[in-house]
Amino acid sequence: MTEHVDRSEPDLDGAPTSAAVTPADAADAARLVAFGLQPKLQPARDQEYAELLRRHREDPAFARLADAVAAGLGLVVLEVSPRAGMAVTAAEDSVFAVRMGDYARRAATDSGDRFLHGLAHLAVAALAFPRPEDLADDAYIGRVTVNGVDAFVRQACRRLEERAEEQGENTDPATDAPGLEAAWRIWARRSATGATKDARRPAASTTGIVAKALAFLTDSGFLQRTGDESGGTYRTTARYQLQVRDLAGAAAMAELLDLGIVPVTDGTPSLLPAEDSDDLELVADAGLPFHAPTQP
Amino acid sequence: MTSPASTDSVPPQLSAGPRPAPGPAADEGLARRLRALACTAPLHDLDARKANLAGEYSVYGMAEIALAGIDLVTLNMDFDTGADHDQIVARLIPRVAAQAPGRPAAEHERVARWVLENLINVGSVDRGFRAVYGTFGPDGAYVRRDYDFKLIEEVPGPGGSVYLRTTDEAVNVLVGALDTDVTSAQIAAEVKLEVLINRGRLADAQLAAEQARYRTVQYSETLRRALEATRRNVRAVDWLNTVPDMIAEALDHVADRYRHENAILTNIRRARDETEEPEHKRRAAELVDIVKDCIRRHTQLQSRLLEAGPLFRAEQDRQAFATPLTSSGTDLYGHLLAPTLPLPLEQARRVTDAFFARGTGLRTPVSVRVADLVDLLLTPPLEREHLGAEMPEPDLIATPDDSRFSEEQLAAAMDLLDLPADAPRRLSGLLAEARRTGDSDLAYLVALLAVHAASPPVGTAYRQGEQKLLFAVDDGTELDDPEFGGADLVVGTALLDAAGMAADRTEAA
């Protein structure tokens, strides 16, 4: 497993005090990485984990060794701290990476479904950290609900539809070129939910897709489920903030820039309420409880 | 043919002839009408397809049921939720039944459900409809386009339930255009309502009342959006002028409407009670329900309005007065989500794929050992018990009898207290008699029963139809007794009129 340990490990920067690495040190370093691979494990709950984290902080040689083990396994270390633990995530093409095809079967073949699943994850992050300050603030805890995410994306789609109507555009896609359909239309025309025989959400509905994303992120240790209201309520963990801030946001942004789109904002809030309109697209309990008013 | 460059060729009036492609400007109107037409297609389709149903269903006017269903959903949409699926079916059934009175009720329900499910289009992934139409683009090329629309959509309700809502397409095309200014339309609807009621035209009044209710819902929705945005970002909403103005306006609106609707309610109630004609009576009763519902919605709106101020201040504290951070994060919505949505699907997918690949975390791959696999495959499937696990036999422990008095003592005491109705006795005498039996506890029990009789259970005796009742009255004489103190009660038996009471009871019931 650790055969590539030494690959990305540069020589120690001349620290004379560090002794030679013993097999026991390597085992400890690998153990720390193994803890990091269990994202739901909390350092505060496991004494050995906490002890290894402390050693990582205080012993630079051990820290470098643990980072090297992670790198060799194809992991990216986001942060090592008592709050987030050994926050590691899969590098691209690593065996630990999540593939869309494994995530949702339909997404492998249907490009519309593939987009919907990806958009659900992006929307969850955007709602969990609505302001740039929230993403930057380590102490911030975001709250999202299944119905809230769906309502929020629909509202954004709605605004695009209105804008297209104002400009007299015909957004109906050409029949033989589905790939040219505007992305927002895919979400807007998918049903939000539906009655089924066994009283479960249809998996292909948008709330079904959002619920799947939230459940998956919970398994990744990124969210914690707090209740069943509004289709399921969740709050974010430190790891999710790190993941979105340091990796996902940047990767998606790079892709967007690659497409020649340079989003420019002047620091004014971008998440505006919808204009007054006569539509009645309300979703129950879509009021998004990021913060109860009683919270400090 | 429509090329603008051809200026010096043939004069335009000579090239008139048949012109199938008059250009994009005229096509836009055509496209709009084509889309409007497409919205009615599912209704026609119902009547065309009823022949395919197993059974003889041609007596039913499916399009009529469908339009009635859309009306029902539109009017039953709630501020928080939508219309309930089963309720809509239940309300549709009378109309279905009227179309074919001879058929069984199960068939009526089946037809109602079939129509509703087809309006939702349950079979498709999107649960919607698609119509294909063609237009000429600006460059003169003919393009076939897909128009996707829904008539009734399903939205999640509280507690995981599913509610129905009519879409804008359905409302605009099938219910009638309603897109006018909320406030003025509300006032107009109410004035109309009042006039109609005064003239006794209840059918029209009901229509106006239903429209007024629709306006009320829209008004609340405007407010809900502003509050929701405030929770996300205080600065996104203008709390200096716009929102306080809107709240003040909305509070005025609520006060005004509340007064107005109460006046209307009084009027209709009078109309309901005075009118002789059963049809008018029924309509007036329905109107009362609608206006009551309007008042309920206004109250709901008002309570939300009152929450707005505290919510703003709390969010202001949280968002604006926190120490500003030096490093700024990405504006996920403004920088990522908003620019991605208008992109064509092929490009947008690249962005969401990138986010997905880096934003989902890691999964530890599962490695399979052949030995485990064999075990797994050979394990017989767990049989599920139809009746569940066996109930364990409850282990009962006999509780020791720790009563203060025994059954015999009670019988003896009751015997002592079984006094003739015309000869009440003093408690002191009863106690002396009880002590003569040699049982000291018996005197205690008699004293207790006598004190209890000071507040006789008249109600219970009345309900159970007792023949007589033990009572005790304090006439001021003090009890002289070595064990007990207090008043020397006069204990007696009152005879009750059991037959009379029974007659009373049946009358009351």
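Let's start with helix H14 of chain B, residues 427-436. Its buried residues are Leu427(B), Leu430(B), Leu431(B) and Ala434(B); buried means 20 or more other C-beta atoms within 10 Å of the residue's own, exposed means 12 or fewer, partly exposed is in between, and the C-beta atoms are placed from the backbone. Helices here are DSSP runs of H or I with at least four residues, strands are E runs of at least two, and both are numbered from the N terminus.

This is a predicted model, where local features need pLDDT of at least 70, side-chain atom pairs count only at pLDDT 80 or more, and totals for chains, interfaces and linings use all residues. Residues are numbered from 1 along each chain as its sequence is written, while chains are lettered from A and ligands numbered from 1 in the order in which they are written.

An α-helix has 3.6 residues a turn, so residues three or four places apart point the same way. The face turned away from the buried side carries the exposed residues Gly429(B), Ala432(B) and Arg436(B). Just after the helix, Gly438(B) has a positive phi of about 90°.

What do the buried residues of H14(B) pack against? Helix H13 (407-417), strand E6 (425-426), helix H15 (440-453) and strand E8 (490-495) of chain B. Contact means C-beta atoms, placed from the backbone, within 7 Å.

Let's look at H15(B). The axes of H14(B) and H15(B) come within 8 Å and cross at roughly 155°; axes are lines fitted to C-alpha atoms, for helices over the stretch in contact, with angles from 0 to 180 degrees between N-to-C directions. The two helices are therefore roughly antiparallel, the word for angles over 145 degrees. From H14(B), the contact uses Leu427(B), Leu430(B), Leu431(B), Ala434(B) and Arg435(B). H15(B) brings Leu442(B), Ala443(B), Val446(B), Ala447(B) and Ala450(B).

Over in chain A, helices H1 (residues 23-36) and H3 (residues 60-73) pack at about 60°, with axes 9 Å apart. H1(A) and H3(A) are therefore oblique to each other.

Finally, the chains themselves: their contact takes 97 residues from chain A and 90 residues from chain B. On the chain A side, H6(A) gives the largest share, 12 residues.

Terms used. Contact = placed C-beta atoms within 7 Å. Parallel < 35°, antiparallel > 145°, perpendicular 65-115°, else oblique.
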